[in-house]
Amino acid sequence: MNDSDAMSIALAEADAAALAGDVPVGAVMLGPAGEIVGARNLREVEQDPTAHAEVVALRAAAKLNGHWRLTGWTCVVTLEPCPMCAGALVNARVDRLVYGCRDPKAGAIHSLFSIATDPRLNHRLEVIDGVEAEACAQRLRDFFAARRREGKK
């Protein structure tokens, strides 16, 4: 599966998150043996501040993998990971990260920090950014515009 195909799955997960009232971020974990694990933001659904799409996907992939170490896996996510998610990707030893649009307010891969490639950490990821960036960003713009119209935070 190529990065664009995986991002299409992540975008479908993002759409499902939006339908559930959560910020439209979707993630897909791709395993070395062809495993595909999709996930979405579940913070509102689960009332869990750590239930970002990447963390939900990492948990599911580790369970499927039978081990927390996800060497050989790729994470594909619609939005640049935050510091928590970037740290989780490093700690899980994920090999690759592919993301759609940058997050100038909380992005920890290129925007504010470089956690995934910081040589001071014990693991670094290959990073590909900008895959289907406009489609990813448009979902976020639409979601927050609708929230503003509804008078929600």
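Me: What is a nonpolar core, and which residues touch the most other members of the largest nonpolar core in this predicted model?

Reply: A nonpolar core is a set of buried Ala, Val, Leu, Ile, Met, Phe, Trp, Tyr and Cys residues joined through side-chain atoms within 4.5 Å. In this model, which is predicted, the largest nonpolar core holds 44 residues. Those that touch the most other members are Met 7, Met 29, Leu 70, Val 94 and Leu 97.

Me: Which element supplies the largest share of this core?

Reply: Helix H1 (3-19), strand S1 (26-30), strand S2 (36-40), H3, strand S3 (74-79), helix H4 (83-91), S4 and H5 each supply at least two residues of this core. With five residues, the largest share of the core comes from H3.

Me: Leaving aside neighbours within four places in sequence, which residues is Leu 70 in contact with?

Reply: Leu 70 is one of the core residues that touch the most other members. Leaving aside neighbours within four places in sequence, the residues in contact with Leu 70 are Met 29, Leu 58, Ala 61, Ala 62, Asn 65, Ala 92, Arg 93, Val 94 and Asp 95.

Me: Is Arg 93 buried or exposed?

Reply: Arg 93 is found in the loop between H4 and S4, and this residue has a positive phi of about 65° although it is not a glycine. Its relative accessibility is 16%, and because buried means under 20% relative accessible area, Arg 93 counts as buried.

Me: How is Glu 132 classed, given its relative accessibility of 36%?

Reply: Glu 132 lies in the loop between S5 and H5, and its phi, near 55°, is a positive value in a residue other than glycine. Buried means under 20% and exposed means over 50%, so a residue at 36% relative accessibility, as Glu 132 is, counts as partly exposed.

Me: How far from Gly 100 in space is Ala 133, C-alpha to C-alpha?

Reply: Ala 133 has its place in helix H5, and not counting residues up to four places away in sequence, Ala 133 touches Gly 100 and Cys 101. Although Ala 133 and Gly 100 are 33 residues apart in sequence, their C-alpha atoms are apart in space by 4.3 Å.

Me: Which residue has a backbone oxygen that lies 2.7 Å from a polar atom of the side chain of His 123?

Reply: His 123 lies in the loop between strand S4 (96-101) and strand S5 (126-129), and with a relative accessible area of 14% this residue is buried. Leaving aside neighbours within four places in sequence, His 123 is in contact with Val 90, Arg 93, Val 94 and Ala 116. Among these contacts, the residue whose backbone oxygen lies 2.7 Å from a polar atom of the His 123 side chain is Val 94.

Me: How far apart in space are Arg 59 and Ala 39, C-alpha to C-alpha?

Reply: Arg 59 lies in helix H3 (residues 53-65) and is partly exposed, with a relative accessible area of 47%. Leaving aside neighbours within four places in sequence, Arg 59 is in contact with Asp 48 and Thr 50. Arg 59 and Ala 39 are 20 residues apart in sequence, and from C-alpha to C-alpha their distance in space is 9.7 Å.

Me: How much space lies in the largest pocket?

Reply: The largest pocket is lined by 19 residues, of which Val 23, Leu 79, Asp 103, Ala 106 and Phe 144 lie nearest its centre. By class, the lining has eleven nonpolar, two polar and six charged residues, and its largest share, three residues, comes from helix H5 (residues 133-150). The space in this pocket is about 480 Å³.

Note on methods: Residues are numbered from 1 along each chain as its sequence is written. This is a predicted model: local features need pLDDT of at least 70, side-chain atom pairs count only at pLDDT 80 or more; totals for chains, interfaces and linings use all residues. Side-chain values use heavy atoms; hydrogens and water are left out. Helices (H or I, at least four residues) and strands (E, at least two) are DSSP runs, numbered from the N terminus. Buried means under 20% relative accessible area, exposed over 50%, partly exposed in between (1.4 Å probe, protein chains only). A polar contact is a pair of N or O atoms within 3.5 Å; within protein, one must be able to donate a hydrogen and the other to accept it, and residues adjacent in sequence count only if both atoms are side-chain atoms. Contact means heavy atoms within 4.5 Å. On a 1 Å grid over the protein atoms alone, a cavity is a set of points where a 1.4 Å probe fits but cannot get out, and a pocket is an open set with protein on both sides within 12 Å along at least five of seven lines; lining residues have an atom within 4 Å of a point. Grid points are joined across faces, edges and corners, and a volume is the space filled by probe spheres set on the points. Ala, Val, Leu, Ile, Met, Phe, Trp, Tyr, Cys and Pro count as nonpolar, Asp, Glu, Lys and Arg as charged, and the others, Gly among them, as polar.
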